[in-house]
Amino acid sequence: MDNTIAAIATATGGAIGIIRVSGSDAVSIVNKVFSKDLTAFRANSVVFGEIIDDSGEPIDEVLVSIFRAPHSYTGEDSVEISCHGSRYILNQVLSLLIEHGASQAGPGEFTQRAFMNGKMDLSRAEAVADVIAAESRAAHRVAINQLRGGFSSKLSVLRDKLLKMTSLLELELDFSDHEELEFADRTELRSLAEEINSHISQLILSYKAGQVIKSGIPVAIVGKTNVGKSTLLNLLLGDDRAIVSDIHGTTRDVIEDTVQIGGILFRFIDTAGLRHTDDAIERIGIERTYQKLAQARIVIWLIDCEPTTEELDEMQEKCIDKHLIIVANKCDLSPTPSASAHLSISAKQTLGINLLQDRLISAADIPEISTQEVIVTNARHYDALLNAHKSIQRVIDAFAMNLSGDLIAEDLRDCIHHLGSIVANGEITTQETLNSIFSHFCVGK
């Protein structure tokens, strides 16, 4: 982190573009290409001027924001150049900065420096990427809570309780020669361990909901050929994503796309029509339909005629652990409602789609997410929580078997380690882990 880094922090082509510079030489490097002396201006000030190339020609009129360590995003001296969003202008300014001593920033390097400089813990740093990637209101609220430190605060409380338990047990070991002294009431410590285990278990259980919120609720649209599945998919997505045709077996592969409905992200999956066929390629598509059916959380079974008892039983059996919505399509052609269907629509005439959307929101069963609610969405955090759960469970079992304090203390330290790896510090987190995490960030963040 000895070098000064620079990167374009905004998408090109917009009205405004921003170039970020961070490092000990940030102000001096920008000063070399700016029309005014930045050293004359105090921190947290915005200066209007021009970026000038080496021949003295102005490139653009800009606003330069100056931040001094440690009061910046990265904790270092930082400068942000706001210019016009032209790709040419942004690249010219960035090239000038690199020519005068800056290095091109890698993915997530600004946030990684913020973490290394103690501006945020690792879970909050990871939340930055989640905020940027959020595609629904629920995902945004979960990410914002983590960015604000909600998850970190909860883990900090658990860690403090674990440290207290460890201290009491180790104090007991130090004075093991004095049997009359009791520093740790084992009944009370076991109760505390069970309380900690309960909190960890709740976080683990939240991961399933967290993945749904982050990645979208998988919804499989299934039914016979030519029943209107592709028309319905296109209508829900608001785009001609799938081919619509009167020819049977047009959809031969799985088509997936996401859309937000009522603040919830749904991942719709259009599948090959279910029918007997001798076409080898279509059969592969039908096999994939059953695979996606197994992965879905919600299944829309689209019908255009009353299913037989056998068909109804078979579909209900396949969806025994899912929310099945039976939808009768083409209600404009057949005004008599199906006895088996939960609702009737016309995908072609866009009738009843609002009712279907309401049904999907209800089936999603996603509670209103507050910005204070802690929900785990990160696989790394989930894995660490699972390991912490195993450690604290060993502690509880050890209390039940009245094992020695040194064995219990070892498992307590193990639990602290795994919880600590989520928020992380330099001792726990390897450079390999950091590289893996920040490589998924966008450049400029």
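This is a predicted model: local features need pLDDT of at least 70, side-chain atom pairs count only at pLDDT 80 or more; totals for chains, interfaces and linings use all residues.
The expected span of a helix is 1.5 Å times one less than its number of residues. Helix H13 covers residues 405-423, which makes 19 residues. They should span 27 Å, and the end C-alpha atoms of H13 are 27 Å apart, so the two values agree. Just after H13 comes Ala-424, with a positive phi of about 70 degrees.

Other residues have a positive phi as well. Asn-44 is not a glycine, yet its phi is positive, about 60 degrees. Asn-44 sits in the loop between helix H1 (26-31) and E3. Its relative accessible area is 52%; exposed means over 50%, so Asn-44 counts as exposed. Lys-330 has a phi near 65 degrees, again positive in a residue other than glycine. Look for Lys-330 in the loop between strand E11 (323-328) and strand E12 (343-344). Lys-330 is partly exposed, with a relative accessible area of 27%.

Now go to strand E3, residues 45-52, which holds Phe-48. Phe-48 is partly exposed, at 45% relative accessible area. With Val-46 and Leu-63, Phe-48 forms a nonpolar patch on the surface. Together the three have about 280 Å² of accessible area.

Next, find Pro-70 in the loop between strand E4 (58-67) and strand E5 (78-84). A cis peptide bond joins Pro-70 to Ala-69, with omega at about 0 degrees.

Finish at His-440, in the segment after helix H14 (431-438). His-440 is exposed, with a relative accessible area of 67%. How far apart are His-440 and Pro-107 in space? Their C-alpha atoms are 6.9 Å apart, although 333 residues separate them in sequence.

Key. Residues are numbered from 1 along each chain as its sequence is written. Side-chain values use heavy atoms; hydrogens and water are left out. Helices (H or I, at least four residues) and strands (E, at least two) are DSSP runs, numbered from the N terminus. Buried means under 20% relative accessible area, exposed over 50%, partly exposed in between (1.4 Å probe, protein chains only). Patches are made of residues with over 30% relative accessible area and no salt bridge: like charges are joined within 9 Å, nonpolar side chains (Val, Leu, Ile, Met, Phe, Trp, Tyr) within 5 Å. Accessible areas come from the Shrake-Rupley method with a 1.4 Å probe; for residues, only the protein chains shown count as cover. A salt bridge is a side-chain nitrogen of Lys or Arg within 4 Å of a carboxyl oxygen of Asp or Glu.
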